[in-house]
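Please look through the model below with the text beside it. The paragraphs that follow take up a few of its parts in turn.

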Amino acid sequence: MSRILIVEDDVVLARALKNWLERERLQVTCAITAANARRIIANEEVDMILSDLRLPDGDGIELLEWMKKNKCRIPLIIMTQHAEVSSAIRAMKAGAEDYLPKPIHPETLYPKLNDVLLRTRKTKRKQTDILQRVSPPIREVERRARLVAVTDMSVLIRGENGSGKELVADLIHRTSARDDKPFVPVDCGAIPKELSAAEFFGYVKGAFTGAVTDKTGVFHAADGGTLFLDEVGNLPYEVQTNLLRVLQERRYRPIGGRREYACDVRIVAATNENIERAIAEGHFREDLYHRLNEFTIELPPLRECADDILPLAEFFLTQFCEKNHRRITGFTPSAVKRLKNYRWPGNVRELRNTVRSAALLSMTGTIDETDLDLPSTRGMESYALKVEQEERTRIVKALKAAKYNKALAAELLRISRPTLYEKMKKYGINTEK
Ligand SMILES: Nc1ncnc2c1ncn2[C@@H]1O[C@H](COP(=O)(O)OP(=O)(O)OP(=O)(O)O)[C@@H](O)[C@H]1O
């Protein structure tokens, strides 16, 4: 139930508002003064505030300013006499959601209130959960993300393509003390090798052919905030060296520039590769790896989070319908079964795309199994086989790199020694000569 705080010194109006809102199944608390309101905001859960512009000990604008200073992001609607409309507009500039001229009528109040509450619920969910996901493995991911968020440690998020690594990075940023500063994602795999350094550190005019003006890099853009290095395993070796130096010295210099800049940036990196193998093969600097990996979060593939499939599918369906003005009520039982049994090699991204195209194809108002454009079971079997072959190759390579020392190979593969033995047995890998 949403909780509303009414700040109004006209007790008759306050009581009338309270009665109307309680009839709408909202929970209401009243405050007569700004001081009283501040105490309630500081100590109780409040979803929305309806405040008179003039209060016995101040006004609604001061209340807004106090909230801003104390990082209380509760939407506030100002109530005002007609004569005060210009100050109400001032209040809106100070961050009020809207204003309501007095006398207040339920028919003008409810639509505004509903609109704001709906929006708050959406952002609130965004701020608190890894969207739509409830499965125990994701709860554990969320717990680890929240624990590390309050520190300034570098975090390495590992997980398959499309599993939602950027959302976890975003959660770390939003729950950290840096949340009012930028979150800057960089796809390290998408930057051409020769432009990487310029992209990270910027350049000064004339530094190279084509540098016609000064340009800042992502370290500047993320100043005070979080830099999210997606696909970090794809960073060119030279840029790895530069990056390591910047992270150690906490200073950087744009290409061709003389001046050095202080760098106050928290690094969250992500990879879908076996970075230990890249180290063993000499493609990734081990010292940089340790610098980035002060804390690890393993994001499980969607197939290991069965409880998330349906809530996510429903979310993507609602999102599609809202955006495209379609009316589709849900999934047939056979579609649900198919969604749950599929292996989702492309993870959440594949699920989202599948639901969207199924919603587009559906002619019946529900999504049936036949609307889901998923590979046949035979395809799934060959996919499983391919995954197993890849895993076998990885194990053999790690064993060779570790000179057949199984403890070291297990470490390189980031699995336990018993799991390594189990997998060697499964794949018939024999290291005894
Ligand atoms: N919990 C979620 N709720 C809603 N959408 C999600 C969720 N998780 C992932 N997505 C969506 O799935 C897509 C893939 O997510 P994301 O980009 O975070 O994955 P990734 O692991 O970083 O992928 P890649 O390794 O390919 O960069 C995005 O469009 C994202 O918005």
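The axes of helix H6 (residues 136-149) and helix H7 (residues 165-174) come within 8 Å of each other and cross at roughly 40°; axes here are lines fitted to C-alpha atoms, for helices over the stretch in contact, and angles run from 0 to 180 degrees between N-to-C directions. Helices (H or I, at least four residues) and strands (E, at least two) are DSSP runs, numbered from the N terminus. That angle makes H6 oblique to H7, given that angles under 35 degrees count as roughly parallel, over 145 as roughly antiparallel, 65 to 115 as roughly perpendicular and the rest as oblique. Val141, Ala145, Val148 and Ala149 of H6 make the contact with Val168, Leu171 and Ile172 of H7, where contact requires C-beta atoms, placed from the backbone, to lie within 7 Å.

This is a predicted model, in which local features need pLDDT of at least 70 and side-chain atom pairs count only at pLDDT 80 or more, while totals for chains, interfaces and linings use all residues. Residues are numbered from 1 along each chain as its sequence is written.

Turning to the strands, an open sheet of five has the order E2-E1-E3-E6-E7 with parallel pairing, two strands being paired if DSSP finds at least two bridges between them. Strand E2 (27-31) and strand E7 (98-101) stand at the edges, each with a single partner strand, so one side of each is left without a neighbour in the sheet. On average, and with direction ignored, neighbouring strands of this sheet are turned by 20° against each other. Strand E1 (residues 3-7) runs parallel to E2 and is joined to it by five bridges, and the bridge partner of Val7 in E2 is Ala31. Helix H1 (residues 11-23) packs on the sheet, where it touches E1, E2 and strand E3 (48-52), and the direction of H1 makes about 170° with that of E2.

Another pair of helices, H13 (residues 306-324) and H15 (residues 347-361), packs at an angle of about 50° with the axes 9 Å apart, and the two are therefore oblique to each other. On the H13 side the meeting residues include Phe316 and Phe320, and on the H15 side they include Arg352 and Arg356.

Finally, Lys423 lies in helix H18 (residues 417-426). Is Lys423 buried or partly exposed? Lys423 is partly exposed, because 18 other C-beta atoms lie within 10 Å, and a residue is buried with 20 or more such atoms, exposed with 12 or fewer, and partly exposed in between. Lys423 and Ile395 are 28 residues apart in sequence, and their C-alpha atoms are 8.4 Å apart in space.

Key: Contact = placed C-beta atoms within 7 Å.
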